[in-house]
Amino acid sequence: MPEHVFFNTGSHAEPVVIHAATLSCTPYNQNSCVVACIVSTFERPFMSRTLICFARLGARVYSCPMEMDFQDVIFFGGSFYYLTRIEDILRCTLQFDPSFAPTQIHFQNAYLEFESQRHGGGMYPSARYLVESRGELLMVVRYTAPWADETTLFCLFRAVPSMPGGYYYEWERLETLDGCMIFVGRGCSRSYEVLQFPGKHEGVYYHDDETFNQPSMVAFADNWRKYQCHDNGCWPGPGQDVKRWYGWRSASIYTPPVWFLP
């Protein structure tokens with residue numbers, strides 16, 4: 001993937017730190033495949049700005065940058081969906097001719113407003129993810145207790161239109177996992193049916209991804225990068241406690257590379 005973003009106004013490219021990325025299709029379809037990213041740039045050390053940007057395979061830099069603070073990105077139903085911190089969505093629908101040069105890409109954008117959620121119970125929503133499950137778009141919210149630096153529980157919400165054909169939606173809370181195994185990760189969340197994996201259990205499986213909010217550490221720490229890796233586990237569902245894996249682990253210079261199913 002490209003390592004720089006191009007700003008048309010200034011006619012210059014800046015290096016980026018990539019927080020999350022997802023593809024529109026398999027990279028074997030090189031002419032049609034587009035990558036959408038959440039990145040940070042640094043005009044000066046430790047002063048970053050968060051952008052979303054895009055690139056077709058073969059491009060050397062990202063294009064179409066927009067400066068907005070997003071939590072996650074997914075390709076769903078022919079469009080990229082970006083989730084904001086206030087739980088609205090920016091929908092970006094591809095509009096380009098695969099025969100054009102890799103630098104040429106356009107989108108039809110729509111901002112989808114959602115009714116505000118009240119996250120109570122004394123828990124702090126520390127992360128939000130988008131996942132496709134059974135043909136629907138879900139938001140998975142990860143909560144941390146204020147008195148502990150560890151994940152406490154998750155909640156699942158389904159995107160439901162507030163009015164037909166409009167841009168107003170609400171997040172409808174789901175009270176059960178209904179036989180799903182959901183693996184959350186920025187730009188790569190997946191949902192699977194437990195029935196297809198004998199011996200496994202429904203739940204939300206997660207790893208420690210707090211460095212999503214620490215681009216300066218990734219950009220400037222060199223060999224002293226410290227990726228937290230102590231908060232990993234599975235939330236079995238409503239009314240049940242998180243099952244934490246591996247116990248306490250010191251920080252690592254590597255990001256979590258793969259999923260494990262113990």
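Because the model is predicted, local features need pLDDT of at least 70 and side-chain atom pairs count only at pLDDT 80 or more, whereas totals for chains, interfaces and linings use all residues. Residues are numbered from 1 along each chain as its sequence is written, and side-chain values use heavy atoms, with hydrogens and water left out.

**Sheet**

- Five strands form an open sheet in the order E15-E14-E16-E17-E18, with mixed pairing.
- The edges are strand E15 (190-193) and strand E18 (243-244); each has a single partner strand, so one side of each is left without a neighbour in the sheet.
- Strands here (E, at least two residues), like helices (H or I, at least four), are DSSP runs numbered from the N terminus, and two strands pair if DSSP finds at least two bridges between them.
- Strand E14 (residues 180-183) runs antiparallel to E15 and is joined to E15 by four bridges.
- Cys-180 has Glu-193 in E15 as its bridge partner.

**Cysteines**

- The structure holds zero disulfides, a disulfide being a pair of cysteine sulfur atoms within 2.5 Å.
- For Cys-37, the closest cysteine sulfur is that of Cys-53, at 5.4 Å, which is too far for a bond.
- Cys-37 is buried, with a relative accessible area of 0%; Cys-155 is buried too, with a relative accessible area of 7%.
- Buried means under 20% relative accessible area, exposed over 50%, and partly exposed in between (1.4 Å probe, protein chains only).

**Ser-126**

- Ser-126 lies in strand E10 (residues 124-133) and counts as buried at 17% relative accessibility.
- Its side chain makes a polar contact with the side chain of Thr-144 at 3.0 Å.
- A polar contact is a pair of N or O atoms within 3.5 Å; within protein, one must be able to donate a hydrogen and the other to accept it, and residues adjacent in sequence count only if both atoms are side-chain atoms.
- Neighbours within four places in sequence aside, Ser-126 is in contact with Arg-142, Tyr-143 and Thr-144, where contact means heavy atoms within 4.5 Å.

**Ser-189**

- Ser-189 is placed in the loop between E14 and E15 and counts as buried at 5% relative accessibility.
- The side chain of Ser-189 reaches the backbone oxygen of Gly-185 at 3.0 Å.
- Apart from neighbours within four places in sequence, the contacts of Ser-189 are Asp-72, Tyr-129, Leu-130, Val-131, Phe-183 and Val-184.
- Ser-189 and Tyr-129 are 60 residues apart along the chain, and their C-alpha atoms are separated by 7.3 Å.
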